[in-house]
Amino acid sequence: MPAACRSPPAIAGVITQNVDGLHGAAGSRRVLALHGDIFRVRCTREGTSREDRRAPLPEVPPRCACGALLRPDVVWFGEMLPGPDMDAAAAAARRAELFLSIGISALVYPAAGLAEVARDGGAYLAEINIEPTPLSPLVHEVIQGPAARVLPDLLGISIA
Ligand SMILES: [Zn+2]
């Protein structure tokens, strides 16, 4: 098929362990932030969460309208990952035709196991990282290098 007839690859989503919201700020859609979002707060009583970019905070510690303390809507050490987000990430990995593992250590489970879920579902796995990881022997292709250089090269774009 001539290159001009090809449609761009559909990106089903981005699964990230980052909490900084940068994927969304960069325009990525369907971002599953497994460890939460530092720009959201969660009521410690109700469990509800909402975006909160107030700075400085009007009161410290911040409180919900119900009076309970608010906390960052992120996963702290020792806490479980949010079940629905992890389930959605696993479902996306199972459906993937191509799964790119980019810039992760592949040491932190259960997120590190998503590549294996994708592989078991029949996806082609590629890893882009500056150094080998425990995932490297399990993927179809390892591309060693910084994502900031490798990804533009793969896409044939330049970033000034
Ligand atoms: Zn509340």
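Is glycine 156 buried or exposed? Select glycine 156: exposed, with 6 other C-beta atoms within 10 Å. The cut-offs are these: a residue is buried if 20 or more other C-beta atoms lie within 10 Å of its own, exposed if 12 or fewer, and partly exposed in between, with C-beta atoms placed from the backbone.

Before moving on, note that this is a predicted model: local features need pLDDT of at least 70, side-chain atom pairs count only at pLDDT 80 or more, and totals for chains, interfaces and linings use all residues. Residues are numbered from 1 along each chain as its sequence is written.

**Stop 1**

Glycine 156 sits in the segment after helix H4 (147-155). Helices (H or I, at least four residues) and strands (E, at least two) are DSSP runs, numbered from the N terminus. Alanine 68 and glycine 156 are 88 residues apart in sequence. In space they are 50 Å apart, C-alpha to C-alpha.

**Stop 2: two domains**

Colour 3-33 + 80-155 as domain 1 and 37-74 as domain 2. These bounds come from an automatic or database domain assignment. The C-alpha centres of the two domains lie 30 Å apart. Across the boundary, 4 residues of domain 1 are in contact with 4 residues of domain 2. Contact here means C-beta atoms, placed from the backbone, within 7 Å. On the domain 1 side, the touching residues divide into 2 nonpolar, 1 polar and 1 charged. Ala, Val, Leu, Ile, Met, Phe, Trp, Tyr, Cys and Pro count as nonpolar, Asp, Glu, Lys and Arg as charged, and the others, Gly among them, as polar.

**Stop 3: the three-stranded sheet**

Show strands E3, E4 and E5. They form an open sheet in the order E4-E3-E5, with antiparallel pairing. Two strands pair if DSSP finds at least two bridges between them. The edges are E4 (49-51) and E5 (70-74), each pairing on one side only. Neighbouring strands are turned by 45 degrees against each other on average, direction ignored. Axes for that angle are lines fitted to C-alpha atoms, for helices over the stretch in contact; angles run from 0 to 180 degrees between N-to-C directions.

Zoom in on E3 (residues 36-43). There, 3 bridges join E3 to E4. Pick arginine 40: its bridge partner in E4 is glutamate 51.

**Stop 4: backbone exceptions**

Most residues other than glycine have a negative phi, and most peptide bonds are trans.

- Valine 60 to proline 61: a cis peptide bond, omega about -5 degrees. Proline 61 is in the loop between E4 and E5.
- Tyrosine 109 to proline 110: cis, with omega near 10 degrees. Proline 110 is in the loop between strand E6 (98-102) and helix H3 (114-120).
- Arginine 30: positive phi, near 55 degrees. Arginine 30 lies between helix H1 (22-25) and strand E2 (31-33), and is partly exposed, with 13 other C-beta atoms within 10 Å.
- Alanine 106: positive phi of about 60 degrees. Alanine 106 is in the loop between E6 and H3. Why does alanine 106 count as buried? Because alanine 106 has 21 C-beta neighbours inside 10 Å.

**Stop 5: the core**

Finish at the largest nonpolar core, which has 19 residues. Such a core is a set of buried Ala, Val, Leu, Ile, Met, Phe, Trp, Tyr and Cys residues joined through C-beta atoms within 7 Å. Ala89, Ala93 and Leu114 touch the most other members. E2, helix H2 (83-95), E6 and H3 each give two or more residues to this core. Leucine 114 touches Ile15, Ala89, Ala90 and Ala93, not counting residues up to four places away in sequence.

Definitions and conventions
Contact = placed C-beta atoms within 7 Å.
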